[in-house]
Amino acid sequence: MENILEVKDLVKNYGQFCAVDKISFNVPKGKVIGFLGPNGAGKTTTIHMLLGIALSNGGEIKYFGRDFYKNKSACLQRINFASSFNTLQGRISVYENLLVFAKLYAVKNPKQKIANLVKYFEVEDLLDQRFWDLSAGQKTRVNLIKSLINDPELILMDEPTASLDPDIADKTLSLIEDLRKSKKLSILYTSHNMNEITRICDEVIFIDHGKIVAQDTPLGLTKRLSKSTLRLTFEDKKNALEKFLKAENQKFTKINKNTVVIKLNEKEIPKIIFGISQAGVWITDIEVEKPTLEDVFLQIARGKKYVH
Amino acid sequence: MSIERIKAVILQELFITKRSLEVIMDLFFFSVVSILVFGLVSVFISQSAGVRTAQLLLIGLLLWEIIRITQYSMSVGALWNIWSRNLSNMFIAPLTLAEYMIAQMISGIIKSLFIFLLISTITILIFHFNIFNLGLLNLAFFFMNLTIFSWSLGIVLLGVIFRFGTRIQALAWGTVFIFQPLTAAFFPVKILPSFLQNIAYLFPPTYVFEAARGALSNQSINWQYMLISLLENLIYFAASLWFFNLMFKKSKQTGQFSRNEG
């Protein structure tokens, strides 16, 4: 598969502190890659290097097969960036901002391009408003328009939905999903919202202390956390249930006299439920909690060993 | 080098200037009020010290505004974008540093030329002093040398802001005023203590102000002073570009450039 972005052995040091330590990854064409990690893990530093606003101390960045530092303007012409932390020029209107960026990216027929994008994002009525007068949700949409003004092949998105309420965040995500499908965009996406990542990312890269500690599909990552949680509610025959679980060597916690929680491998769940029923225990409720990406994140953030 | 991108930055400057009360106050209002005050002072002085002395004061202010406005435009232009957290957006676009600097320089010229013409017209209409009597060629040389010096100063301050962030942003407004006495903007250089006279001649505007005062008597061009001023300017300009590149690179190495907006 064609790679839009290739990162090889990228390093960033701040004095003695190594913020990014020889990381390598690719962003293939048309894929959304989640870039996750705890605060201070090196995500933003990496993105700044990928955008050329921070200098690396080693390694290689290639866009479209070309060295970024040697072909900076040509590469930047084909990518863009959206972040909730960067905003546009607050003193001037939305239209004026977009016109400036359309000209910076040498967009042909900028007025028509802006008209099409504002219609798509349903912000036509905001064109004459000053950027700093917009709400957080409106700013996010205008930022996304700016990030699409040059028809980029890759967008780097740094927490684009941070500070948005769930409704606007959901709409923004839907727009991103639509864009991805309609324009076959590649996206490098950072967020602290694991549901978002699970929803839109094809693959996830976890970074911690400047190093990549895990890389897989969201499902693949959660499957590596082997333990699911089985919560059983039952009637009577508590002793028979406990005897069965002990015989099966299963660790369990009694929540109350009729409920137990068992941590076990997902594959064992049918066998355990069947065995408990065979032991004559009447199960009245079953809840299975599978590991989520958030569990993976928490394991990494809390410094626990992660299964590669 | 893309003319379109240079035009885009100038366009943004135009939009900001048009919509920002601060810019209107700092540039237009301050310049107009200053020329009115200096004009009235010159009327007062002309009654005791003579008309020529009063005119020297007006020449000093009219030319000084070229320095102040061009330097302000260079340095503060970037601050508008830093304050809006938009500067990195600009540099994430294919905009090169050279294109950005050229755009800021052109923007500075446009603003200073516009305001120079505005306040010169005020002095003609209200105080009956016409600076164009110094000769158009003379004024062209003055404008060129003062502009190049202001660019250099603006570029140095921009570099310092990029490197150290907005905590030293006050330098963008204040630093230029150090050069008001040091370049003898409103009085002859000989008024300065002798050690300061030597320092004054290290700065290109000193030659311009001296030449302008000389041109009040006759319209002749002081070629020697204009040449020295230009040569000094070229050295300062080259040094300022070198310094800016150093600061910009350091800013990106230390991560300060992206933190400026944080």
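Reader: Which elements of chain A have the lowest and the highest mean pLDDT?
Author: This is a predicted model. In chain A, helix 11 (residues 293-301) has the lowest mean pLDDT, 71. Helix 3 (residues 94-104) of chain A has the highest, 96.

Reader: What should I do where pLDDT is low?
Author: Predicted coordinates there should not be read in detail.

Reader: And what's the average for chain A?
Author: Chain A averages 86. Of its residues, 96% score at least 70.

Reader: OK, new topic. How is chain A divided?
Author: Into domain 1 (3-222) and domain 2 (226-290). The centres of these two domains of chain A, taken over C-alpha atoms, are 45 Å apart.

Reader: Let's look at strand 3 of chain A. Why is it largely enclosed?
Author: Strand 3 covers residues 32-36 of chain A, and five of the five are buried, so the rest of the structure largely encloses it.

Reader: Which way do its residues point?
Author: A:V32, A:G34 and A:L36 point one way from strand 3 of chain A. A:I33 and A:F35 point the other way. Side chains in a regular strand alternate between the two faces of the sheet.

Reader: What does strand 3 of chain A pair with, and is it parallel or antiparallel?
Author: One partner is strand 8 (residues 186-190) of chain A, parallel, through three bridges. There, A:V32 sits opposite A:I187. Strand 9 (residues 203-208) of chain A also pairs with strand 3 in the parallel sense, over four bridges. A:L36 faces A:F206 in strand 9 of chain A.

Reader: What does B:A212 contact?
Author: Beyond its neighbours within four places in sequence, B:A212 contacts B:I59, B:L63, B:L134 and B:F142.

Reader: Last one. How many residues of chain B are in contact with chain A?
Author: 31 residues of chain B contact 26 residues of chain A. Helix 1 of chain B brings the largest share of chain B's side, nine residues.

Reader: How do the residues on that side divide?
Author: On the side of chain B that touches chain A, eleven are nonpolar, 13 polar and seven charged.

Key: Residues numbered from 1 in each chain as written. Chains lettered and ligands numbered in written order. Predicted model: local features only at pLDDT ≥ 70, side-chain atom pairs only at ≥ 80, totals over all residues. Contact = placed C-beta atoms within 7 Å. Helix = DSSP H or I, 4+ residues; strand = E, 2+ residues; numbered from the N terminus. Nonpolar A, V, L, I, M, F, W, Y, C, P; charged D, E, K, R; others polar. Domains from an automatic or database assignment. pLDDT = per-residue confidence, 0-100. Buried ≥ 20, exposed ≤ 12 C-beta atoms within 10 Å, placed from the backbone. Pairing = 2+ DSSP bridges.
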